[in-house]
Amino acid sequence: MFFASKSKSFCVEIGEQTTLVARLVQSDDSFLIEELKELPATDINGLGEWIKATDGKGATGYVHATCGIYPAKRIVRRQTLDLKRVKEPTYFNEIYTQQFRIEPDKYAIKVLNHTDGSYYETTKAALKEVIFCGLPSEEVDVTQDKLLALGIYPERLELGTLATLGGMVNYLKFKQSKSPLLILEMGDEMTQSYIVSADGVDISRSISSGVASMIPVVQKELGLKDQESAMKLFYSNTFDFTSMGGTLVKKLLKELQSSIGFYEVQTGQSIGHVLCTQLPSNLGWIGATMAGALGVPQLKIDMMSWLESLHIKFAEGVTPNPPDERWAGLFSLIASYENAVPDEKK
């Protein structure tokens, strides 16, 4: 993020379930968060009203923001390249159509080095492990129009997944952790799973099972008359689903166990922690259920120490204090890792 000295700005993370916002000030190479706000993803009007009530608008009438988005059809996929074919003009299109099952002319796609997120240069191709990342081009236009209508000028619009992955790789380096981390981004219809280490992204996989797949199970288990009733109860925060959690995540768990088992056999490493993101606070039990079923503890981020290493601080009275792991993606969007405190100076 690039601002003038002591410049006010915003950081917005828009997921399928929830929207997280930070109002902040940058001074030189540090960030001061003045306010944190959480809204349901469906409360578009609420986001616009909150933005209008702030004092961050410039001469244009817009607040300037870094925006992270999680479109359902996003691609963030680690891939092994055939270095002998990298310079062939049709090679990448074959990957898009045959492996990702997309129409490449309808997508905005970039190829990154899997270790540090830098752009992959085919003319200097030496590494065969890369990250393909992209989203439908139409989604970019639609999202920008929606943000502008809310009074938000997106100075930077990026896939929130990339920020989260980069942030967690940085965190593992900061903690000098040798154990891989399983990250689950849970959407309505899909769950994006990633295994990362301090060296980068090791595995990525899309699983055709998300939060919505739990609704029919809730209906059946509780004997409700229809799925609409089950959905209202599921999101109401008035019923404790912990006891039936294992049944609700059974389909997703089966897919994950297969993926984790393959990884552990291939690398000889065991998953150290699991982090479930993109869930509102009332669905926090899903993360605990997944961790318990996998026999792996949830990641508890040493948030304040980590953010201090990234020169991110909080103004007095900012809540939640301290913020929980659900905010890690938003803080990863804010962070400038070039200014992070090196390990030896922690």
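Predicted model: local features only at pLDDT ≥ 70, side-chain atom pairs only at ≥ 80, totals over all residues.
Q: What volume does the largest cavity have?
A: Searching the whole structure turns up 5 cavities of 30 Å³ or more. For the largest cavity, the volume is about 90 Å³.

Q: Which residues of the lining are the closest to the centre of the largest cavity?
A: Strand E2 (18–27), strand E12 (273–277) and H11 each supply at least two residues of this lining. By class, the lining of the largest cavity has 5 nonpolar, 5 polar and 3 charged residues. Of its 13 lining residues, those closest to the centre are Glu13, Leu20, Thr277, Gln278 and Arg326.

Q: Which element gives the most to the lining of the largest pocket?
A: Let's turn to the pockets. The largest pocket holds about 1400 Å³ of space, and 45 residues line it. Several elements supply at least two lining residues each, among them strand E6 (107–113), strand E8 (152–159) and helix H4 (160–174). With 8 residues, the element that gives the most is H4.

Q: How many charged residues are in the lining of the largest pocket?
A: Glu158 is one of the residues nearest the centre of this pocket, and glutamate counts as charged. The lining also has 22 nonpolar and 15 polar residues. The number of charged residues in the lining of the largest pocket is 8.

Q: Which element gives the most to the lining of the second largest pocket?
A: The second largest pocket has a volume of about 400 Å³. Of the 15 residues that line it, Ile14, Gly15, Glu139, Thr143 and Lys146 are the closest to its centre. The lining divides into 10 nonpolar, 2 polar and 3 charged residues. With 5 residues, the element that gives the most to this lining is H3.

Q: Why does the salt bridge between Glu34 and Lys8 tie together parts that are apart in sequence, and how many residues apart are they?
A: In the bridge between Glu34 and Lys8, the closest N and O atoms are 3.0 Å apart. Glu34 belongs to strand E3 (residues 30–40) and Lys8 to strand E1 (residues 7–14), so the parts that this pair ties together are apart in sequence by 26 residues.

Q: Which residues are linked in a network of salt bridges with Lys8?
A: The structure holds 15 salt bridges. Lys8 is partly exposed at 36% relative accessibility, and Glu34 is partly exposed too, with a relative accessible area of 25%. The residues linked with Lys8 in the network are Arg23, Glu34 and Glu35.

Q: How far apart are the closest N and O atoms in the salt bridge of Arg156 with Glu158?
A: Arg156 has a relative accessible area of 29% and is partly exposed. Glu158, at 22% relative accessibility, counts as partly exposed. In their salt bridge, the distance between the closest N and O atoms is 2.6 Å.

Q: Is Glu88 buried or partly exposed?
A: Glu88 forms a salt bridge with Arg85, with the closest N and O atoms 3.0 Å apart. Buried would mean under 20% relative accessible area. Glu88 has a relative accessible area of 33%, so Glu88 is partly exposed.

Conventions. Residues numbered from 1 in each chain as written. Heavy atoms only, no water. 1 Å grid on protein atoms, 1.4 Å probe; cavity = no way out; pocket = protein on both sides within 12 Å on 5 of 7 lines; lining within 4 Å. Points joined across faces, edges and corners; volume = space filled by probe spheres on them. Helix = DSSP H or I, 4+ residues; strand = E, 2+ residues; numbered from the N terminus. Salt bridge = Lys/Arg side-chain N within 4 Å of Asp/Glu carboxyl O. Buried < 20%, exposed > 50% of the residue type's maximum accessible area, 1.4 Å probe, protein only.
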